[in-house]
Amino acid sequence: MDFQSCFPVWEQLTVAQRERVLSGLLRRHVEKGTVLHNGSMDCTGLMLVESGQLRAYILSDEGREITIYRLFDRDICLFSASCIMRSIQFDVTIETEKDTDLWLIPAEIYRQLMTESAPVSNYTNEIMAARFSEVMWLMEQVMWKSMDRRVAAFLLEESAIEGTDRLRITHEAIANHLGTHREVVTRMLRYFQNEGMVKLSRGAVDITDSGRLEALERA
């Protein structure tokens with residue numbers, strides 16, 4: 001897999017623009033748990049995931065985390081180039097959830113592309129609209145969905161991502177994804193266990209009845 005085949009508007013760039021991108025392009029291998037971008041004052045550049053998994057989250061004034069979206073193979077991380085997007089008024093942290101290989105286009109080069117190329121500008125606006133749709137969806141979940149349904153939905157999503165019913169994840173990590181306290185998640189998981197939907201062990205959650213979790217999530 002090469003950068004040219006992963007960058008959706010590559011064929012619509014001029015020869016000079018392509019050369020400029022390739023001359024500044026960086027390829028990085030990043031280990032799990034690395035913070036790649038931290039806040040609006042950190043203008044890392046545009047990241048394109050070759051393989052791996054990233055998590056974007058925001059922090060409350062009390063230091064509580066909540067995941068706003070996750071990125072996988074071939075996904076583009078635009079908030080890491082937040083200095084390009086003058087309308088972004090909140091701080092986003094980008095962290096690797098798995099060992100990740102990615103390409104980085106420096107912010108200044110991407111800013112020039114947006115100025116010169118209508119396809120790049122339009123594509124950037126599409127990404128931004130999609131990300132804000134995800135943020136709005138998250139707000140709806142937080143405001144209107146009960147915590148038991150949110151925990152059930154998270155477990156099902158995590159199972160789909162990992163391809164297994166055995167989730168090696170802590171209660172603290174789940175709480176960070178959902179923007180709540182660990183004690184709340186522990187209480188919910190113990191209830192799920194009592195109802196036969198999951199089995200808890202140290203550092204892991206085993207889904208034992210995905211059908212009931214799905215029914216709860218849809219309720």
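Analyst: Contact, as used below, means heavy atoms within 4.5 Å. The model is predicted, and its local features are described only where pLDDT is at least 70.

Leaving aside neighbours within four places in sequence, Ile94 is in contact with Thr34, Val35, Leu36, His37, Met47, Leu54, Arg55, Ala56, Tyr69 and Cys77. Ile94 belongs to the largest nonpolar core, which has 41 residues. Along with Phe7 and Tyr110, Ile94 is listed among the residues with the most contacts inside that core. At least two core residues come from each of helix 1 (3–6), strand 3 (46–51), strand 4 (54–59), strand 5 (65–71), strand 6 (76–77), strand 8 (100–105), helix 3 (107–116) and helix 4 (118–144). Helix 4 gives the most, with six residues. There is also a second, separate core of 21 residues, and Leu156, Ile174, Ile207 and Leu213 are among its members.

The buried residues of helix 4 are Val120, Tyr123, Thr124, Ile127, Met128, Arg131, Val135, Leu138 and Gln141.

Together with Met139, Val142, Met143 and Trp144, Met136 forms a nonpolar patch on the surface, with about 570 Å² of accessible area in total.

The charged side chains come next. The whole structure holds 16 salt bridges. One of them pairs glutamate 97 with arginine 70, at 2.9 Å from N to O. Glu97 sits in the loop between strand 7 (93–96) and strand 8, while Arg70 sits in strand 5, so this pair ties together parts that are 27 residues apart in sequence. Both of these residues are buried; Arg70 counts as such because its relative accessibility is 9%.

Arginine 70 also has partners in helix 5. With glutamate 158, the closest N and O atoms are 2.8 Å apart. Arg70 is in strand 5 and Glu158 in helix 5, so that pair ties together parts 88 residues apart in sequence. Glu158 is buried, with a relative accessible area of 8%. With glutamate 157, the closest N and O atoms of the salt bridge are 3.9 Å apart. Because Glu157 lies in helix 5 and Arg70 in strand 5, this pair ties together parts 87 residues apart in sequence. Glu157 is partly exposed, at 41% relative accessible area. Through shared partners, Arg70, Glu97, Glu157 and Glu158 are joined into one network of salt bridges.

Note on methods. Residues are numbered from 1 along each chain as its sequence is written. This is a predicted model: local features need pLDDT of at least 70, side-chain atom pairs count only at pLDDT 80 or more; totals for chains, interfaces and linings use all residues. Side-chain values use heavy atoms; hydrogens and water are left out. A nonpolar core is a set of buried Ala, Val, Leu, Ile, Met, Phe, Trp, Tyr and Cys residues joined through side-chain atoms within 4.5 Å. Buried means under 20% relative accessible area, exposed over 50%, partly exposed in between (1.4 Å probe, protein chains only). Helices (H or I, at least four residues) and strands (E, at least two) are DSSP runs, numbered from the N terminus. Patches are made of residues with over 30% relative accessible area and no salt bridge: like charges are joined within 9 Å, nonpolar side chains (Val, Leu, Ile, Met, Phe, Trp, Tyr) within 5 Å. Accessible areas come from the Shrake-Rupley method with a 1.4 Å probe; for residues, only the protein chains shown count as cover. A salt bridge is a side-chain nitrogen of Lys or Arg within 4 Å of a carboxyl oxygen of Asp or Glu.
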